[in-house]
Every structure is written in C-alpha cells, then in structure tokens.
Amino acid sequence: TESSALARIDPAFAFGKFLPPAPAVPVSRPATGTFITPPTRRGSGDLKIRNGGGDTTVSLVPAGGGSAPLFTVYVRGKSDYTVAGVAAGTYRIYYATGANWNPQRKGFLNDCAFNRFDDTFP
C-alpha cells in the first residue's frame with residue numbers, strides 16, 4: 001500500500017524498479033612503504049618484507065602482550081620493502097590482503113583476508 005502511494009506521488013519510486021545510487025567510495029592504491037600506522041618505537045633493527053602475493057598490509061605487534069601494532073605498512077603485490085629502525089624484541093607479524101584500499105577506513109574493501117604467522121620473530 002505504501003509503495004503504491006509513493007509511486008503515485010513520483011513514478012520513479014515504483015517498488016522493485018528503483019534503487020538509490022550507491023554512495024561514492026574512495027579507493028586508492030598506496031605506494032609500497034606507506035605507513036598506515038606510523039612507527040611508535042625506534043631501534044636499530046630492520047624488517048625485510050618480501051611480498052610475493054597481492055597488495056598487503058603488514059603489522060608488527062609485540063609478542064609479550066598488548067595488541068597495538070608498532071606499525072602497519074602497505075606493500076604492493078610482488079614488491080619488497082624494508083622497515084628500518086625496528087626496536088629489539090620478539091614480535092608477531094599480522095597481515096591483511098585484499099583489493100580496493102579505502103583510505104578512510106584504512107582497510108581493503110574487497111577480497112579481504114586476515115592472518116598472522118604462527119611463529120614469533122626476534
């Protein structure tokens with residue numbers, strides 16, 4: 001009943017024939033080495049990332065507790081990147097892959113996958 005009344009007011013609103021336009025979603029593809037979360041500690045170590053897959057974000061999280069990453073860095077598919085100045089410690093490495101990076105959400109919009117390595121890394 002309500003949809004019929006709306007269609008009489010404006011035929012563009014016929015039930016089943018009208019969908020509002022999808023909102024514009026900003027997407028980008030940051031350069032390899034773009035920090036999504038800037039480094040919070042500095043040291044003398046390096047983390048060498050060799051990405052043989054698709055676009056990925058890599059997060060380094062202390063293994064001894066806490067869930068806040070020391071940093072998160074974007075690495076394009078089939079690219080390598082070295083993060084310099086990593087503080088000494090033992091870490092877990094988390095990573096996310098996907099397509100259509102949304103800078104406002106700081107995440108992938110499509111084909112998202114999230115994982116971590118089982119091992120810890122000194």
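A polar contact is a pair of N or O atoms within 3.5 Å; within protein, one must be able to donate a hydrogen and the other to accept it, and residues adjacent in sequence count only if both atoms are side-chain atoms.

**Ground rules.** I am working with a predicted model, in which local features need pLDDT of at least 70, side-chain atom pairs count only at pLDDT 80 or more, and totals for chains, interfaces and linings use all residues. I number residues from 1 along each chain as its sequence is written, and side-chain values use heavy atoms, with hydrogens and water left out.

**Thr72.** I began with the side chain of Thr72, which makes a polar contact with the side chain of Ser59 at 2.7 Å. Thr72 lies in strand 4; strands (E, at least two residues) are DSSP runs numbered from the N terminus. Is Thr72 buried or exposed? Thr72 counts as buried, at 8% relative accessibility. Buried means under 20% relative accessible area and exposed means over 50%, with partly exposed in between (1.4 Å probe, protein chains only). I then listed what Thr72 touches, leaving out residues up to four places away in sequence: Thr34, Phe35, Ile36, Thr37, Thr57, Val58 and Ser59. Contact here means heavy atoms within 4.5 Å.

**Val73.** I found Val73 in strand 4. Val73 is buried, with a relative accessible area of 0%. With residues up to four places away in sequence not counted, Val73 touches, among others, Ile49, Tyr81 and Val83. I also looked up Val73 and Trp101: they are 28 residues apart in sequence and 13 Å apart in space, C-alpha to C-alpha.

I traced five strands in an open sheet, in the order 1-4-3-6-7, with antiparallel pairing. Two strands pair if DSSP finds at least two bridges between them. The edge strands are strand 1 (34-37) and strand 7 (107-116), each pairing on one side only. Neighbouring strands are turned by 25° against each other on average, direction ignored. For such angles, axes are lines fitted to C-alpha atoms, and the angles run from 0 to 180 degrees between N-to-C directions.

**Pair by pair.** Strand 1 pairs with strand 4 (residues 71-75) over three bridges, and Thr34 has Tyr74 as its bridge partner. Strand 3 (residues 56-62) and strand 6 (residues 91-102) pair over seven bridges; Thr56 stands opposite Thr97. Strand 6 also pairs with strand 7 over seven bridges, where I noted Phe108 as the bridge partner of Trp101. The hairpin of strand 6 and strand 7 has four residues between the strands, and in this hairpin Lys106 takes a positive phi near 55°.
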